[in-house]
Structures are given as structure tokens and as C-alpha cells.
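The sequence and structure are shown first.

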Amino acid sequence: MISVIIPVYNVAPYIDRCVQSVLNQIYQDWECILVDDGSTDESGHLCDKWTVHDSRIKVIHQVNQGVSVARNNGIDASLGEYIVFIDSDDWVEPNYLQDLYNNKECCELVVSGLVGERENGADELCTPLATTRFLLSSENIEDFIHLNRNALLYGPMNKLFVARIIKKNKIQFPVYCAYGEDLLFSFQYLEYVNKIATVKNLSYHYIMRDQTLSRRVREDQFDNDYKLWTTRRNFMIKRGLWSFDMQKVMYAYLWGQVYNGIFLSPQLKDVKYNYLERILSIPEIEELSKYKDIVPCSTWIKYAILNRWSWLFYLYFKTVSWNLLN
């Protein structure tokens, strides 16, 4: 049996479509656990209505504690041999669970492609995969690079997990993260993965809502992004996946994180010198020089980053702010 875990919070316009897409599955041996995270709209009531419709649907109501706690409680309540996560504003096509289940043999993780769509139903982004199986080793580095380059490993959706691995090793979504808890869960799980299967069919549709794509700029934003980056890097080194091509992908990400961290700083309440200095103090700055040609930004910005010139960015932002005010 597959346990489908759906965290729910204030998604009344979307939850019926999501649950109906589970009911429409060709694969029928499933349970669906809806975890209502203290919704203040009609979401909790709508969840309860579905339990009357189908006995395989269960509802957990909890005080609002966040999506990580909701997913963890769903894991604790699950009875299936396999676990699938679906976000409550997303939906899946009828073949979704069947495709994942058909490719589970001798694999600890099955990954499908994704379709990102706007709320009006228009497809915005398609991330396809080939149907294949590969060992998580240096001999199959290109397969793993493809999953990383397309961010297909970072969230729990579009995957079939083995419940025994999660529960035996006490893998949980961390509740202390400002964001990025999905990635930390996935890479905790990958510690116990030897073979991955990928599925060609694009059967998972995630909704690209503006309010979910934007996030408040925080003073610890770069620190959190950098922690997530080092988590991925350390895993790849440990598993022999830190090839030259993988480093190109990962250092391109780090360039973007450093750049964004610096140029988002004016959105903080005040541009703080120690914030800029903290970004440019990471030891990988020296490594970034090897990959500066893949970064599409001004030469002076690259030069200032590689020389750790926090003072230059500080003066630049202060000058721009002063000019805007006068």
C-alpha cells in the first residue's frame, strides 16, 4: 500500500481538486492522510467531508505548527509500505501512483518529472526525465547531475519513498528551518539510497502561485541558503559524486546565492556591513574564481566578490539609497 500524505493549510479553493486526483488513481491500494494544520478557512471542513466519501481518506487536525510538523505527523500515522507526498494546491494525473509503483523494484527512491503551471491552468515549466534506473555512484554521475540541475531532488513531491527507511532511521522534516526543510529531508533520505529509478511521464502538476514563490527577505537568508548548499556538497563528496561537472553545477548555484544575498541586502530594514562581510567570508569564495566565466553579471561585481570587498558593496548600496532619497 502507498500512503499519500497531504499537508493542508488554508487551501479551500484547491483541496477538492487535489483529493479528487488521488481518488482518480488507476492504482487503488492507497490511503490518503490529510493533515489540517489549523486552517482558518474551510479547508478543515472540506477534508472531513472527504472521509465520508471514501474510507481510505483519513484526516488529522492539529494546531497550526507548520508544514514540517504536518508532514511528520502524517508519516507517524501512515500504514503503507511506501510514502508519497502531495502538496494540497497541486494535483496528479490518474497514472501517477501506478507509474511510481511500477518502477520501485530494487530501488529505494523513485522520481518523476514535474509540470509547473499557473493558476489559470497554463503550463509554465516542464521538467521531463527518461525512464531509467541507476546506482547512486560515480559511475552514473550524469544521471545524478541531471536531477540536481533541474532541482528534482529538493522537495518531497514527485517521489516514492520507502516507509521503512524513513521510520527506521527516524528521518523527519526539520521544524527549526526558516525554509529549505524539504531539501534537508530529501538529502537525509538519500543517505540510505543506493539505487534510484526515474519515470518519464509528467504526471505531477505543481501550481506556481506568486505568494508561494516569493519570500520575505531575512537577515539570515544567505546563512540558510549556504547551509543547504553545504548539505548537498557534503553528501556528494561522501558518496563520490563530487566530479568536475558536478562542481560546475554546484558552484553556479553558489555564485547565484552569493549574488542574491548581496543584492537583496537593500531590502533589509537597514544595509548592515556585517551582513555583507558574513557572505563574503565563506571559504568557497576562492573556489568561485574558477567558475567566474559561467556567471552572467558585471565584471566589477565578480571582482568585488572574489576580493571580498564588503566595503565596496556597502558604500554602493548606501550611495544608491542616498540618491533615491534626495
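The model is predicted: local features require pLDDT of at least 70 and side-chain atom pairs count only at pLDDT 80 or more, whereas totals for chains, interfaces and linings use all residues. Residues are numbered from 1 along each chain as its sequence is written, and side-chain values use heavy atoms, with hydrogens and water left out.

**Packing of H1 and H2**

Helices (H or I, at least four residues) and strands (E, at least two) are DSSP runs, numbered from the N terminus. Two packed helices are described by the angle between their axes and the distance between the axes. For helix H1 (residues 15-23) and helix H2 (residues 43-53), the angle is about 25 degrees and the axes lie 10 Å apart. Axes here are lines fitted to C-alpha atoms, for helices over the stretch in contact, and angles run from 0 to 180 degrees between N-to-C directions. H1 and H2 are therefore roughly parallel to each other, a class that takes angles under 35 degrees. Their crossing is right-handed, meaning that the near helix is turned clockwise from the far one by less than a right angle.

On the H1 side, the contact (heavy atoms within 4.5 Å) is made by Ile 15, Asp 16, Val 19, Gln 20 and Leu 23. H2 contributes Leu 46, Cys 47, Trp 50 and His 53. These residues divide into six nonpolar, two polar and one charged. In this scheme Ala, Val, Leu, Ile, Met, Phe, Trp, Tyr, Cys and Pro count as nonpolar, Asp, Glu, Lys and Arg as charged, and the others, Gly among them, as polar.

Burial is stated by relative accessible area: buried under 20%, exposed over 50%, partly exposed in between (1.4 Å probe, protein chains only). The buried residues of H1 are Ile 15, Cys 18, Val 19, Ser 21, Val 22 and Leu 23. Their cover includes H2 together with strands E1 (2-8), E2 (30-37), E3 (57-62) and E5 (91-92).

**Salt bridges**

A salt bridge is a side-chain nitrogen of Lys or Arg within 4 Å of a carboxyl oxygen of Asp or Glu. The count by this rule is nine.

| Pair | N to O distance |
|---|---|
| Glu 31 and Lys 58 | 2.6 Å |
| Asp 54 and Arg 56 | 2.9 Å |
| Lys 238 and Glu 191 | 3.0 Å |

The bridge between Glu 31 and Lys 58 links distant parts of the chain, with Glu 31 in strand E2 and Lys 58 in strand E3, 27 residues apart. Glu 31 is buried at 3% relative accessibility, while Lys 58 is partly exposed at 31%.

Asp 54 is buried, with a relative accessible area of 14%, and its partner Arg 56 is partly exposed at 21%.

The salt bridge of Lys 238 with Glu 191 also joins distant parts of the chain: Lys 238 lies in helix H9 (residues 221-238) and Glu 191 in the loop between helix H7 (181-190) and strand E10 (195-207), 47 residues apart. Lys 238 is exposed at 59%, and Glu 191 is partly exposed at 32%.

Salt bridges also link Arg 71, Asp 87 and Asp 182 in a network.

Eight of the 10 residues of H7 are buried, so H7 is largely enclosed by the rest of the structure. Those buried are Glu 181, Leu 183, Leu 184, Phe 185, Ser 186, Phe 187, Tyr 189 and Leu 190.

In helix H9 is Asp 223, which is partly exposed at 30% relative accessibility. The C-alpha atoms of Asp 223 and Phe 185 are separated by 18 Å, the two residues being 38 residues apart along the chain.

Methods:
Parallel < 35°, antiparallel > 145°, perpendicular 65-115°, else oblique.
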